[in-house]
Amino acid sequence: MPSRQKISLIEIADRKNLAHAVYLAAKGKRFRFSLQQYLGHLDHHLGELSDAILSESYVPEPFRELIVHDPKRRIIHAPTFRDRVLHHALVLQIGPQIERTLVDDSFACRLGKGTIAAVLRAQHFSRRAPWFVKVDISKYFHNIDHELLIQRLTRRFKGPAFLRLIDRLIGSFQSTPGKGLPIGALTSQYFANLYLNDADRWLVARRDVLGMVRYMDDLICWAPDKISARRIFQELQEFLDEQLKLVLKPGSQLNRAEQGVTFCGLRIFPGIIRLTTRRKKRYRAACRRWERHFLLGKLSANGLQDRFASAFSMVKHANAVEWRRRRLGEHAVDEI
């Protein structure tokens, strides 16, 4: 286990650290009115935030509730810009230590470990092992236990004032008493990855597990035979319940790798990767949306090409060349 890293409030409240956090929090949002207001009085706001951190008087502001469809309906609880700055300031200090703690085959919210990297790694194990177990945790973010999360953070970080700040931050959101992390907060992504790290390491240490890949709360592991796969599934359920107070969604899968597994929006076989129906719909919807914008004069031809290239990233790693050709011929832009 890595040694505990001491974090002081001085490091978090340092003006250089906060200025870097502002830069990260503002990425892609520079035209928002609330951000312009904040940046217009930046020195004042950073001074206030720094003082609140150092005096331990910092109190998180209420979250803004948003509903998004990406692709399924989700309720996002977004922090204010001031609180986003604090989240980034914290991650700048604790992120590297959490990163070193995670196993290599944990993906999501990590540099170089996005959905495609997870899919390719899953295909790698599907080629090596004949059986897989795929599980998805029920309402994962809503069911993360605050006390257990703080215990895991305390194993890796020390500093009484820092831990009190973390306790206030985690306690500022509750889906049910003592549980839950806001999906829209940066720290939630790091904390959620860390929370399941014990389960990752439990799987990696097992001799009957030939490989595992986790993308946030979606987890697949591979086994040499059906009996081993059943045993892993049953004992994983027990581990999650007893150690992390989590339960699995109905519909967990146990099957041969050659039958394929759906993961991160793609259908993975040992020798091929196919598009799911959901991924096809998302690609078509994106293309049609940008085509409409082009015809309405909201996009230039170059802008349309850039949007198509962005949409193409959703499907380019699948073996679907013929399907893409047919789709592009369905609604040629000059015929709409």
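Modeller: Two strands pair if DSSP finds at least two bridges between them. Helices (H or I, at least four residues) and strands (E, at least two) are DSSP runs, numbered from the N terminus. Keep in mind that this is a predicted model, where local features need pLDDT of at least 70 and side-chain atom pairs count only at pLDDT 80 or more, while totals for chains, interfaces and linings use all residues. Residues are numbered from 1 along each chain as its sequence is written, and side-chain values use heavy atoms, with hydrogens and water left out.

Now the sheet. Three strands make up an open sheet in the order β10-β11-β12, and their pairing is antiparallel. β10 (261-263) and β12 (273-275) are at the edges with a single partner strand each, so one side of each has no neighbour in the sheet. On average, neighbouring strands here are turned by 35 degrees against each other, direction ignored. (Axes are lines fitted to C-alpha atoms, for helices over the stretch in contact, and angles run from 0 to 180 degrees between N-to-C directions.)

Let's zoom in on one pair. β10 and β11 (residues 266-268) run antiparallel and are joined by three bridges. Across that pair, V261 stands opposite I268 in β11. A helix comes in too: α6 (residues 115-128) lies across β10, β11 and β12, at about 20 degrees to β11.

Next, pick out R267, which is also in strand β11. R267 is partly exposed, with 24% relative accessibility; buried means under 20% relative accessible area, exposed over 50%, and partly exposed in between (1.4 Å probe, protein chains only). Contact means heavy atoms within 4.5 Å. Leaving aside neighbours within four places in sequence, R267 is in contact with Q259, G260, V261, T262, I272, I273, R274 and T276. Finally, look from R267 to T277: they are 10 residues apart along the chain, and 9.7 Å separates their C-alpha atoms.
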